[in-house]
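Me: I'm new to this one and would like to go through it slowly. Could you take my questions one at a time?

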Amino acid sequence: MEEREYEKFLAQRESEYEALCRRCGECCGASGEDPCSNLVGDRHGRYFCKSYSTRHGIQRTISGRTFMCVSIRDVIRSGAYYHGCPYGEAAR
Ligand code: SF4
Ligand code: SF4
């Protein structure tokens, strides 16, 4: 496979991986008392990150507590589990 085709293949796989997210917001604290300040919900009950492209690194919750936002792969590897999250279910 040529380099450009391989990059296209990787982008496609990444896009498929991202599309698995159910937008429940649980990994960002949606049902907790102090969610991430970047988390926004829509009228259908789906959640989005308003800083998605720059999310990784130090972030703040709505109360001002700082924490490190890491990829869902790392969250799952650390042992966290969110019911119904496709990434966690696949790793079980
Ligand atoms: S817990 Fe899983 S499905 Fe829910 S928002 Fe996070 S990554 Fe997406
Ligand atoms: S910065 Fe991280 S924890 Fe906060 S909403 Fe975005 S993805 Fe979720």
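Reply: Gladly, and one term first: a residue is near a molecule if one of its heavy atoms lies within 4 Å of it. Please also keep in mind that this is a predicted model.

Me: Where does ligand 1 sit?
Reply: Ligand 1 sits in the largest pocket, and the largest pocket is also where ligand 2 sits.

Me: What volume does that largest pocket have?
Reply: The volume of the largest pocket is about 830 Å³. The lining is made of 39 residues, of which C27, C28, R55, V70 and I72 are the closest to the centre of the pocket.

Me: How do the lining residues divide by class?
Reply: The lining of the largest pocket has 22 nonpolar, 8 polar and 9 charged residues.

Me: Which helices and strands supply at least two residues of that lining?
Reply: Helix 1 (3-18), helix 2 (72-77) and helix 3 (86-91) each do so, and strand 2 (47-49) and strand 4 (66-69) each supply at least two residues as well.

Me: Let me step back for a moment. How many helices and strands are there in the protein?
Reply: The protein has 3 helices and 4 strands, and read from the N terminus the order of these elements is α-β-β-β-β-α-α. The C-alpha trace spans about 50 × 30 × 30 Å along its principal axes, and of the 92 residues in the protein, 20% are buried.

Me: What about strand 3 and strand 4, in which sense do they pair?
Reply: Strand 3, residues 57-60, pairs with strand 4 in the antiparallel sense, and the pairing runs over 4 bridges. One bridge joins G57 to its partner C69 in strand 4, and C69 is also one of the residues around ligand 2.

Me: How many residues lie between the strands in that hairpin?
Reply: The hairpin of strand 3 and strand 4 has 5 residues between the strands, and in this hairpin G64 takes a positive phi near 105°.

Me: New topic: what is the phi of R23?
Reply: Phi of R23 is near 65°, which is a positive value in a residue other than glycine. R23 belongs to the loop between helix 1 and strand 1 (39-41).

Me: Why does R23 count as partly exposed?
Reply: The relative accessible area of R23 is 27%, so R23 counts as partly exposed, because that class lies between under 20% for buried and over 50% for exposed.

Me: Last topic, the loop between strand 2 and strand 3: is T54 buried or exposed?
Reply: T54, which has its place in that loop, counts as exposed because its relative accessibility is 57%. S53 is placed in the loop between strand 2 and strand 3 as well, and S53 counts as exposed at 73% relative accessibility.

Me: How far apart in space are T54 and C69?
Reply: From C-alpha to C-alpha, T54 and C69 are 9.8 Å apart in space, with 15 residues of separation in sequence. For S53 and F67 the C-alpha to C-alpha distance is 17 Å, and they are 14 residues apart in sequence.

Key
Residues numbered from 1 in each chain as written. Chains lettered and ligands numbered in written order. Predicted model: local features only at pLDDT ≥ 70, side-chain atom pairs only at ≥ 80, totals over all residues. Heavy atoms only, no water. 1 Å grid on protein atoms, 1.4 Å probe; cavity = no way out; pocket = protein on both sides within 12 Å on 5 of 7 lines; lining within 4 Å. Sits in = over half its atoms within 2 Å of the grid points. Points joined across faces, edges and corners; volume = space filled by probe spheres on them. Nonpolar A, V, L, I, M, F, W, Y, C, P; charged D, E, K, R; others polar. Pairing = 2+ DSSP bridges. Buried < 20%, exposed > 50% of the residue type's maximum accessible area, 1.4 Å probe, protein only.
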